[in-house]
Amino acid sequence: MKTAAKITALALIVAAGAAYAKEEAKNPVVKERIALMQTIRLNTGTLGDMASGKAAFDAGKAAAAKTALAAAAAEIPAKFEPKETDPVSEAKAEIWDDWDDFASDAKALEAAAMKIDVASVDTLKAGMGAVGGACKDCHGEFRAD
């Protein structure tokens, strides 16, 4: 998949997350998960906007977003390990049924985020395809639409 297509796919994933402003979760564990996913969405959006030209490239902001994204991705397994549910949660039961695959997807996102080179808009663009792919892989299997 070409970089532009991956960035477009990533933008759609981010937009879908933004549309999630339904009612608030009541389960505190699920609330923490949702907050973590919002952190990932926010920082992916910051990077994606710069990569696509929607926002001006700023190496300092890109570095901060990269660091925050990688740190949040590293937290995914710990936040999802308790099998907690809530009616507003978009997490599928398959997360706990196929835990190793889910944890592997989270690790792939973390690795993709850590590999992003924020030295220039071109190097940022090059790294965003892997981030978008990691998001898409996990959401396709483990997130209810």
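Reader: Where do Lys107 and Glu110 lie, and how many residues apart are they?

Author: In this predicted model, Lys107 and Glu110 both belong to helix H5. They are three residues apart, about one turn of the helix.

Reader: What do the side chains of Lys107 and Glu110 form?

Author: They meet in a salt bridge, with N and O at 3.3 Å. A salt bridge needs a side-chain nitrogen of Lys or Arg within 4 Å of a carboxyl oxygen of Asp or Glu.

Reader: Is Lys107 buried or exposed? And is Glu110 buried or exposed?

Author: The cut-offs are under 20% relative accessible area for buried and over 50% for exposed. Lys107 has a relative accessible area of 55%, so Lys107 is exposed. Glu110 has a relative accessibility of 14% and therefore counts as buried.

Reader: How many salt bridges does the structure hold?

Author: There are four salt bridges. Among them is the one between Lys79 and Glu32, whose closest N and O atoms are 3.1 Å apart. This pair links distant parts of the chain: Lys79 is in helix H3 and Glu32 in helix H2, 47 residues apart. Lys79 is partly exposed at a relative accessible area of 24%, and Glu32 is partly exposed at 44%.

Reader: Which residue forms a salt bridge with Arg143?

Author: The partner of Arg143 is Glu90, and their closest N and O atoms are 2.6 Å apart. With a relative accessibility of 16%, Arg143 counts as buried.

Reader: Which side chain of opposite charge is nearest to Arg33?

Author: That side chain is Glu84, 6.4 Å away. Arg33 is buried yet has no salt bridge. The cut-off for a salt bridge is 4 Å between nitrogen and oxygen. Arg33 lies in helix H2 (residues 28–52). Leaving aside residues up to four places away in sequence, Arg33 touches Lys79, Phe80, Pro82, Lys83, Glu84 and Trp96.

Reader: What describes two packed helices?

Author: Two values are used: the angle between their axes and the distance between the axes. Here the axes of helix H3 (residues 59–80) and helix H5 (residues 99–115) come within 8 Å and cross at roughly 170°. An angle over 145 degrees counts as roughly antiparallel, and H3 and H5 are therefore roughly antiparallel to each other.

Reader: Which residues make the contact of H3 and H5?

Author: From H3 they include Leu69, Ala73, Ile76 and Phe80. From H5 they include Trp99, Phe102, Leu109 and Glu110. The residues of this contact divide into 13 nonpolar, no polar and two charged.

Reader: Which residues does Ala112 touch?

Author: Ala112 touches Ala130 and Val131, not counting residues up to four places away in sequence. Ala112 is in helix H5 and counts as buried at 7% relative accessibility. Ala112 and Gly129 are 17 residues apart in sequence, and their C-alpha atoms are 8.8 Å apart in space.

Reader: What does the secondary structure of the protein chain come to?

Author: It comes to six helices and zero strands. Of the 145 residues of the protein chain, 37% count as buried. Among contacts with a separation of 6 or more, 76% are between residues 24 or more positions apart.

Technical notes
Residues are numbered from 1 along each chain as its sequence is written. This is a predicted model: local features need pLDDT of at least 70, side-chain atom pairs count only at pLDDT 80 or more; totals for chains, interfaces and linings use all residues. Side-chain values use heavy atoms; hydrogens and water are left out. Helices (H or I, at least four residues) and strands (E, at least two) are DSSP runs, numbered from the N terminus. Buried means under 20% relative accessible area, exposed over 50%, partly exposed in between (1.4 Å probe, protein chains only). Lys and Arg count as positive and Asp and Glu as negative; His and the chain ends are not counted. Contact means heavy atoms within 4.5 Å. Axes are lines fitted to C-alpha atoms, for helices over the stretch in contact, and angles run from 0 to 180 degrees between N-to-C directions. Angles under 35 degrees count as roughly parallel, over 145 as roughly antiparallel, 65 to 115 as roughly perpendicular and the rest as oblique. Ala, Val, Leu, Ile, Met, Phe, Trp, Tyr, Cys and Pro count as nonpolar, Asp, Glu, Lys and Arg as charged, and the others, Gly among them, as polar.
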